[in-house]
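This report describes the surroundings of the ligands in the structure below.

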Amino acid sequence: MTTLLIGEHHNTAIRDATKRTLSAAKELGDEVHVLIAGYDCGAAAGEAAKLAGVTTVLKCDDAMFAYPLAEPVAALVLGLADEYDAIMAAASASGKNVMPRIAALLDVMQISDITVVKSATTFERPIYAGNAIQTVETDEPKKVITVRVSAFAAAGNGGSAAIKTVAAPQNPAMSEHVEESLTPSDRPDLASAPIVISGGRGLRSQQNFQLLEKIADRLNAAIGASRAAVDAGFIANDRQVGQTGVAVSPELYIAVGISGAIQHLAGMKDSKIIVAINKDAEAPIFKVADYGLVADLFEAIPELDRELARLGY
Amino acid sequence: MKILVPVKRVVDYNVKVHVRADGSGVELANVKMSMNPFDEIALEEAIRLKEAGKAEDIIAVAIGPRRSSETVRTALAMGADRGIVVHYEDMIEPLAVAKILKAIVEEEAPGLVIAGKQAIDDDCNQTGQMLAALLGWPQATFACEIEFEDTHLKVTREIDGGLQIVRVKLPAVVTSDLRLNEPRYALLPNIMKARKKPILEKTPADYGVDCRARLKILHTNAPAKRQAGIMVASVGELVDRLKNEAGVI
Ligand SMILES: Cc1cc2nc3c(=O)[nH]c(=O)nc-3n(C[C@H](O)[C@H](O)[C@H](O)COP(=O)(O)OP(=O)(O)OC[C@H]3O[C@@H](n4cnc5c(N)ncnc54)[C@H](O)[C@@H]3O)c2cc1C
Ligand SMILES: Nc1ncnc2c1ncn2[C@@H]1O[C@H](COP(=O)(O)O)[C@@H](O)[C@H]1O
């Protein structure tokens, strides 16, 4: 019995999502192999081989995977699937893109976005924006599962897996990558950062997000946002926290100028400590906050910055 | 070109659902239902392609309980040309939905399917990708911009870290993200006109699809409640508590 984990990486390094998905994969109780499909991805494969609990790394290094598209990745995994009982990936944009394609080709139902592994065949997953938690059992011949990254701790190092090279499949060539525009960031990954500070419509402009940047610099936090802030163009789309964006559960989540709609809460209410700063004392965000501050953010955030500076952050 | 848009009837996004105390599921009786918001966006995009002269015929398809025909009526009032309702009273999984859609695609031969990225009830985010796989078509998920190029579509996708542009060969499956467009409301005269548009009534058996659930839902529970918090009087107090009480900074 073996689990194949589809690793996320940027060729030179693996992403934190891979380490967290690995923790979920190990809970199935079987051996775990990690697939690194990329281009010039030797370094990422090397990192994956060092993760504790990985017994084999499958490396598929091909120009086809410079920007992994769903069709060739699914073709690659399908070619390997015979050997595996479970196929797992992070419920990230790329995992969500490719995994259902694999599941359908295997004629199995996927289990999306699991938050708890109760047994090798039973899982918990949130539905209705996290307002209900489903316990799902599967007896599908192969399990195809995506994992909510923020619900699992990162696996550590300590392994020394063999790296096996696998051949690239024939490229289905139905789609091509044209270009990518990524917002460069030195900050921790949003889905796994220990501290997240998020801004909403209350921030009023792209410019004003710099107020949050300052706090994020002091606390080494990731920056998040509500849908309203993203829709208004204050910040990039991948910053959206919520039901239909990224799910986070940091040690500390600071919501600034965010009302606390169901869809936003879905992505952050599992945070350990929640702080809400909002000028409206009736805002629903205060119902989930451990510490609430009713204040105008344009006064409170600069003051927070000064206070943190005073304390040496 | 025909465009097929699957539209799902779901609990309205403004409703906070209640979980039944016996763990059997979510209370759906007397709850406001609407078209899945991502499907409104998908349909809006199809209508805009039609208005731009790129498509002639938009087919809205709903699979689900009888009242899914209301969702299809809404789609017709927004601007779809015809509807198909596939009746199925139980919960239906994305794989079965994708199989029914595949059969419909084979009958109707659309050049493009635009689905929502995610149904806001099951939060699965699977159906469009599964349909593309079963058809052997390319997929462009989480689209925030679509550009038509005769035999291809150029699609901007929302991905981790930013945006990606892909070019897919038609026919293809696209799934809509929130930023693709702002869907229109159905206007009263169009609601009246929509009553005359044709809706085909079908069952999964008509398409030879077995819809029995593959996964077993053992129970459905309410999420853990958070402990009530406190209001702080100042930024100074907030920082002090984060540092000395919660120990998170
Ligand atoms: C299908 C669908 C999916 C969705 N998915 C998501 C999702 O994943 N994530 C998400 O976040 N939303 C999502 N939404 C949107 C969600 O319903 C809300 O519209 C959104 O979260 C509101 O964002 P907001 O809180 O920033 O804005 P608003 O609700 O407008 O709140 C702004 C808040 O800022 C406060 N404020 C204003 N000025 C100040 C000031 N000077 N100082 C302090 N406070 C101030 C106001 O009191 C208010 O509470 C989704 C909606 C739909 C329909
Ligand atoms: N029962 C259904 N009827 C019509 N369309 C559906 C149905 N289920 C899913 N879809 C389509 O597939 C998308 C993704 O759904 P899901 O995979 O369930 O998250 C939805 O936004 C719809 O476009």
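In this predicted model, a polar side-chain atom of B:Asp122 lies 2.9 Å from an oxygen atom of ligand 2. The backbone of B:Gln126 places an N or O atom 2.8 Å from a ligand 2 oxygen, and for an N or O atom in the side chain of B:Thr127 the distance to an oxygen atom of ligand 2 is 2.7 Å. The protein buries 99% of the 480 Å² that ligand 2 exposes when taken alone. Ligand 2 sits in the largest cavity.

There are 19 residues around ligand 2, and those that come nearest are B:Asp39, B:Ile63, B:Ala119, B:Asn125 and B:Thr127. In chain B, strand E4 (57-64), helix H3 (94-108) and strand E6 (112-116) each supply at least two residues of this shell. E4(B) gives the most, with three residues.

Ligand 1 is surrounded by residues from chains A and B, so its site is shared between chains. Of its 30 residues, A:Arg201, A:Ser226, A:Gln240, A:Ser259 and A:Asn278 come nearest.

| Residue | Protein atom | Distance |
|---|---|---|
| A:Ser226 | polar side-chain atom | 2.5 Å |
| A:Gly245 | backbone N or O atom | 3.5 Å |
| A:Gly257 | polar backbone atom | 3.0 Å |

On its own, ligand 1 has 990 Å² of accessible area, and the protein covers 86% of that. Helices H6 (227-231), H7 (262-265) and H8 (297-310) of chain A and helix H1 (37-51) of chain B give two or more residues to the shell around ligand 1.

By class, the shell around ligand 2 has ten nonpolar, six polar and three charged residues; the shell around ligand 1 has eleven nonpolar, 13 polar and six charged.

Notes
Residues numbered from 1 in each chain as written. Chains lettered and ligands numbered in written order. Predicted model: local features only at pLDDT ≥ 70, side-chain atom pairs only at ≥ 80, totals over all residues. Heavy atoms only, no water. Near = heavy atom within 4 Å. Polar contact = N/O pair within 3.5 Å; in protein donor to acceptor, adjacent residues only side chain to side chain. Areas by Shrake-Rupley, 256 points an atom, 1.4 Å probe, with all protein chains shown as cover. 1 Å grid on protein atoms, 1.4 Å probe; cavity = no way out; pocket = protein on both sides within 12 Å on 5 of 7 lines; lining within 4 Å. Sits in = over half its atoms within 2 Å of the grid points. Helix = DSSP H or I, 4+ residues; strand = E, 2+ residues; numbered from the N terminus. Nonpolar A, V, L, I, M, F, W, Y, C, P; charged D, E, K, R; others polar.
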